[in-house]
Amino acid sequence: MKKTALRLLGLLILLLLGLCLRPALAQTVTVAADGSGNFRTIQEALNSLPATAARPRTVFVKNGTYREKVYIDGKANLVLKGQSEKGVVLTFAQARDQWLCGPDARAGDWGVATLNLRNSPDITLENLSVVNSYGFDAAGDVTIDCPSAPDGHKVVRKTGHQMALRALPGATRLIARHCTFRALGGDTVSPWDTEAGAYYFKDCTMEGGVDFYCPRGWAYAEDCRFICHSQEAAIWHDGSGSRDSKTVLRRCTFSGDDGFKLGRFHREAQFYLVDCQFAKNMADADIYHAASGPGPKQWGRRVYYAGCHRQGGDYAWMKDNLSTAEGAPKPKELTPAWTFGGRWNPLTGAVAEVLAAAKEVVQVDTVAEKMLLYQRAVGGWPKALGEVKVSYAARLSAGARAGLLDSKNQNDATIDNDATTREIHYLLKAYQQTHNPAYRLGAENGIRYLLKMQYANGGFPQFYPDLSGYRREITFNDDAMVKALTVLRRVARKEERYAAVDPALVPLAQAAVARGVDCILKTQVVQNGRPTAWCAQYDEVSLQPAKARAFELPSLSGAESVGIVRFLMEEPATPAVKAAIEGAVAWFEQVKMTGYALKEIAAPQEKSHRDRVIVPQPGATLWARFYELGTNRPIYVGRDSQVHYQLSEIENERRAGYVYASTWPAELLEKEYPAWQKRIGAR
């Protein structure tokens, strides 16, 4: 007993020491408009901090009015804390329509709000007033020049969309305590990450017009005050990313202009209101589906009340109906931990935080750091900058780093030449080795990029969002689509390092893989009733074979079809998948060129000084990269886009610079296919 007591006393001393040392361990910078802090502006203070750290960094803001637009981009694990909620006012006046008609419209909604967040998990906002004052300042509606509008003009309304807080994908696990968010127009508080958003609001005041509190994904608000200046709706939710998505409001009060309505939804949504109080002048209107939206397609209407009351008497629709919710939770069970499905608990105590932080040592992987610099805002990576291929082995100068930061919004993200899939895989490995959360976040944003770029029919374009020319086509070329699906399958199956990613991504990846397999099966070319192989590109709408570059005509591929078969062999052997594999294997056997080999030879007379030739060789087997549709004859196409049946007939630049024949299916036929047959018990 004495030893046990001593151990407990020792642990208590260590814990208290940790708590006492906590302020010294955390990095804090101070902002003061009068110059008495480290910085005069909030943005300067945020820019001074590294992307992430083992412990939360704090930007402490002294009382004052800060007339600036603030961006938190690519930061993690920090606290933006004001001296007092009423004393610290961050304010900027701009309507969304102004922004979208201005020079920054290319960035979309990134930057439209007073306080903007993206790619920044684990941010805490405390003791702040964040205001978009456009509607309060404007005398009325105005017409402005707008290059993006059909007639070159746009009416900016006094009560139009005006964001105070905007959180885009990657800004998940956001906490706001003792904060005020104000605007006269709609979408005042817009935390928008449908797939992985997790947001917690405590003791906050939110004021605005239509849908002024409009979270996507998962959100929990308790002890908050909502002030509505619209007769359409105060609150809104988008839960289309997951059946489990929900918005929970507990012990919240609602007031506003006469006849204000409680809420609405345009897409899939799930509302829980518990012990909420409504003003007498609220309209007799339940949360409703907006006619302008696609509406619920799968999960029906899900709006639940428990213990809610209106001054002057309850409306009929306010009656308790929590027992009709899936799982029939009790009111006391509707906690933040329940809301976020156990993935995150924003109420985790300080003791747990100190003990966890004591075990954390954030390390740096130099290649991973470069990958984060190259990552585009959309989540994917480029394969080259201009004509220079991306190389993570190369040293980056300060100027190059600055250039990469400035080019975050470039539309050159792609899955071509291993781009994006390579980085996702490496970043998760780096996260395993270093426990640096920035690397996991980068990988998760890359996975979300793959999910966003996939067509509804399951195919993947070569580039996204740049869908110009053949970049929009469904692309099997260089295994681009197969590699994207392989990453998503690893997420779906929680394989090895992929088990570390946000669990909310798992069902999305599962659905994406199912769509991808369906697309693969639909694009397999059928000859005389028999499935054969696949083309390198397909029209994204008709699913017909398509041309890419001048020398890549619609044709069956002896190379890309191998990767597709390998991918299918790791899928459940349904009759359709089995038939596709067996048909492709039979086609490989049918079109092989027995007794030939590809040789590289010296060619001093050529500009390349080398050449490739197909020559007879007993015992050798060769396959062409391209086979003519309908005839299965090997074809060779140069930059003139003319079909030739001999490799020697096209220009040397292509013969030496592009592989038109090889042994791609050999190992598949000799080893992998027989092993697959044995595994599935094929006869």
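Let's start with a pair of helices: α12 passes α13 in a left-handed crossing. Keep in mind that this is a predicted model. The residues that meet here are V513, V517 and I520 from α12, with I564, F567 and L568 on the α13 side. Sorted by class, that contact has 6 nonpolar residues, with no polar and no charged ones.

| Helix pair | Residues | Angle | Axis distance |
|---|---|---|---|
| α12 and α13 | 505-523 and 560-569 | about 130 degrees | 12 Å |
| α9 and α10 | 421-434 and 437-453 | roughly 155 degrees | within 8 Å |

An angle over 145 degrees counts as roughly antiparallel, so α9 and α10 are roughly antiparallel to each other. The pair α12 and α13, on the other hand, is oblique.

Now for a closer look at α9 and α10, whose crossing is left-handed. On the α9 side, the contact is made by I424, L427, L428, A430, Y431 and T434, and α10 brings P437, Y439, R440, G442, A443, G446, I447 and L450. By class, this contact has 10 nonpolar, 3 polar and 1 charged residues.

Next, the nonpolar core. In soluble globular proteins, nonpolar side chains tend to be buried together. Which residues touch the most other members of the largest nonpolar core? They are L450 and L568, and the core has 91 residues. Helix α11, spanning residues 480-493, gives the most to this core, with 9 residues.

What does L450 touch, not counting residues up to four places away in sequence? Its partners are I415, T420, I424, F460, A484, V487 and L488. There is also a second, separate core of 63 residues, with L125, F201, C204 and F271 among them.

Last stop: R654, which lies in helix α15, residues 652-657. Is R654 buried or exposed? Buried means under 20% relative accessible area, and R654 has 7% relative accessibility, so R654 counts as buried. Setting aside neighbours within four places in sequence, R654 is in contact with F551, G638, R639 and Y660.

How values were computed:
Residues numbered from 1 in each chain as written. Predicted model: local features only at pLDDT ≥ 70, side-chain atom pairs only at ≥ 80, totals over all residues. Heavy atoms only, no water. Axes fitted to C-alpha atoms, helices over the stretch in contact; angles between N-to-C directions. Helix = DSSP H or I, 4+ residues; strand = E, 2+ residues; numbered from the N terminus. Parallel < 35°, antiparallel > 145°, perpendicular 65-115°, else oblique. Left-handed = near helix turned anticlockwise from the far one by under 90°. Contact = heavy atoms within 4.5 Å. Nonpolar A, V, L, I, M, F, W, Y, C, P; charged D, E, K, R; others polar. Core = buried A, V, L, I, M, F, W, Y, C linked by side-chain atoms within 4.5 Å. Buried < 20%, exposed > 50% of the residue type's maximum accessible area, 1.4 Å probe, protein only.
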